[in-house]
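Work through these exercises with the model open. Each task is followed by a worked solution.

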Amino acid sequence: MTATEYDVIVIGAGPVGENVADRVVQGGLSAAIVERELVGGECSYWACMPTKALLRSASALRAARHLPGAREAVTGDLDAAAVLGRRDSFASHWKDDGQVSWLESAGIALHRGQGRIVSTRVVEVTDADGARARLTARHAVVVATGSSALLPDIPGLREAAPWSSREAASARSVPGRLVVIGGGVVAAEMATAFAALGSAVTVLARDGVLPSVEPFAGELVTESLREAGVTVRLGAEAVAVNRDDSGAVHIETADGERFDADEVLVAVGRTPNTQDLGLETVGLAPGAWLPVDDTLRVVGGGDWLYAAGDVNRRVLLTHQGKYQARAAGDVIVARAKGATVEDGRWGRHVATADERAVPQVVFTDPEIASVGLTAAAAEAAGLRIRVVDYDLGAVAGASLHADGYKGHARMVVDEDRSVIVGFTVAGPDVAELLHAATIAIVGEVPLDRLWHAVPAYPTVSEVWLRLLETYGR
């Protein structure tokens, strides 16, 4: 067994692990990264990039069909093979050569295999051939192994070989019939994508469609899915699944309905990738989420163990995991060098935005862009709020963007501080509106100052002026 020392060892080479290692190296320490699958992780090959590539072509086609002049130039439907081919290119054809090359250029050592913690600051790596290497960290070990799709205990489901988000993102063909169990982001986006590609899609949304967003946004997406031909069953709970000898899948619900499909996609949540990491050797539970303090250090794991990204369950979004990674890498460097740790609210070494300033875009039709608290969450947090709504389709820029533009915007105001604590907008192509709201919330910009941020005319961003006018000076 070979033995090597580094300042920091990162288990998991997804975007989060890569960012931790990069910050550590930029700070003057050495770093090694351990990966059992592809360097680049879930986001690069089975989530963010390939799924958005699946959705983008349909979005562009819908936009063209809502514009006179462009509409007449559209002569056919989506070319599913071309869409899948473009998806393949964004997934780098499931090869990680480019990502490995980046690690080398950044001065980060790569060890392929399963990494397990065997003692304090020691990680053992077993490669595909069974060879083992022992890595010792002088300062820190960071767990950045992410999460996997949760498979619920529905009778017959496992035996039916269902799709998870991975199989949906990497599908080689478009199923004629697709049943989606779940109503969250993955369920809604993949229902949107495969309906556009030609599947007859059914969504069994026990808890509703996009239940964590503002209700108006979920309702707009539900309406749009139905208009696109998707069968949406709100409140429907799958209780039995069976794949017959012909390959067809049959799904039964608690209220006695039966749905037949060629594939069934399960999208009901995530589970942490911590089962085989040796956590028990340091007094932690295998298979559990890893709670962390504000500097991403694992609670109960000693002063050397950190966890960033999905695995700590703070926020299960790639961009937020990368944000955590930058804070974790920087604080590890600071502690290693005896520098001051800035761990106060909004300090350099903490992930304060995880609490109340998390941005997210759901790439459905319409898109949903949100940041901060929903009205319900703000009330639950004990804030005295005012909710301000505006019809996005009434903004001049929206009417220019597309005929019959339909959308809605909402800001949630903390009345005691006169600042925005939540913003949600739903409508075609609204994703790029989001960062303005994120800046307003993170910067805690008072409403009376926002009046001086004049939106250009005629853009959809004019909705900011309309929301402020509705609130009143």
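The exercises below cover sheets, a hairpin, helix packing and a salt bridge.

This is a predicted model, in which local features need pLDDT of at least 70, side-chain atom pairs count only at pLDDT 80 or more, and totals for chains, interfaces and linings use all residues. Residues are numbered from 1 along each chain as its sequence is written, and side-chain values use heavy atoms, with hydrogens and water left out.

**Exercise 1. Give the strand order of the open sheet of four strands, and find its edges.**

Step 1. Helices (H or I, at least four residues) and strands (E, at least two) are DSSP runs, numbered from the N terminus. Two strands pair if DSSP finds at least two bridges between them.

Step 2. Read the order: E10-E9-E8-E14, with parallel pairing.

Step 3. Find the edges. Strand E10 (231–234) and strand E14 (263–266) each pair on one side only.

Step 4. Angles run from 0 to 180 degrees between N-to-C directions, and axes are lines fitted to C-alpha atoms, for helices over the stretch in contact.

Step 5. Look at one pair. Strand E9 (residues 200–205) runs parallel to E10, joined by four bridges. Ala 205 has Leu 234 in E10 as its bridge partner.

Step 6. Place the helix. H7 (residues 185–196) packs on this sheet and touches strand E8 (177–181), E9 and E14. Contact means heavy atoms within 4.5 Å. The direction of H7 makes about 165° with that of E9.

**Exercise 2. Describe the open sheet of three strands.**

Step 1. The order is E11-E12-E13, and the pairing is antiparallel.

Step 2. Strand E11 (238–243) and strand E13 (258–261) are the edges; each has a single partner strand, so one side of each lacks a neighbour in the sheet.

Step 3. Neighbouring strands are turned by 20° against each other on average, direction ignored.

Step 4. Four bridges hold the antiparallel pair of strand E12 (residues 249–253) and E13. Glu 252 stands opposite Arg 258 in E13.

**Exercise 3. Which residue takes a positive phi in the hairpin of E4 and E5?**

Step 1. Strand E4 (residues 114–119) pairs with strand E5 (residues 122–126) in the antiparallel sense, over five bridges.

Step 2. Go to the turn. Two residues lie between the strands, and Arg 121 takes a positive phi near 60°.

**Exercise 4. Are H3 and H4 roughly parallel or roughly antiparallel?**

Step 1. Take the geometry. Helix H3 (residues 48–65) and helix H4 (residues 80–90) pack at about 150°, with axes 8 Å apart.

Step 2. Apply the cut-offs: under 35 degrees is roughly parallel, over 145 roughly antiparallel, 65 to 115 roughly perpendicular, and the rest oblique. H3 and H4 are therefore roughly antiparallel.

Step 3. Assign the hand. A crossing is left-handed if the near helix is turned anticlockwise from the far one by less than a right angle, and right-handed if clockwise. H3 passes H4 in a right-handed crossing.

Step 4. List the contact. Met 49, Pro 50, Ala 53, Leu 54, Arg 56 and Ser 57 of H3 meet Val 83, Leu 84, Arg 86, Arg 87 and Phe 90 of H4.

Step 5. Sort by class. Ala, Val, Leu, Ile, Met, Phe, Trp, Tyr, Cys and Pro count as nonpolar, Asp, Glu, Lys and Arg as charged, and the others, Gly among them, as polar. The contact of H3 with H4 has seven nonpolar, one polar and three charged residues.

**Exercise 5. How do H1 and H5 pack?**

Step 1. Helix H1 (residues 15–26) and helix H5 (residues 97–106) make an angle of about 15°, with axes 10 Å apart. They are therefore roughly parallel.

Step 2. Their crossing is left-handed.

Step 3. Glu 18, Asp 22 and Val 25 in H1 meet Gln 99, Trp 102, Leu 103 and Ala 106 in H5. The classes are four nonpolar, one polar and two charged.

**Exercise 6. Which side chain meets Arg 314 in a salt bridge?**

Step 1. A salt bridge is a side-chain nitrogen of Lys or Arg within 4 Å of a carboxyl oxygen of Asp or Glu. The structure holds 34.

Step 2. The partner is Asp 294, at 3.7 Å, N to O.

Step 3. Locate both ends. Arg 314 is in the loop between strand E16 (305–307) and helix H9 (318–337), and Asp 294 is in the loop between strand E15 (270–272) and E16. The two are 20 residues apart, and the pair links distant parts of the chain.
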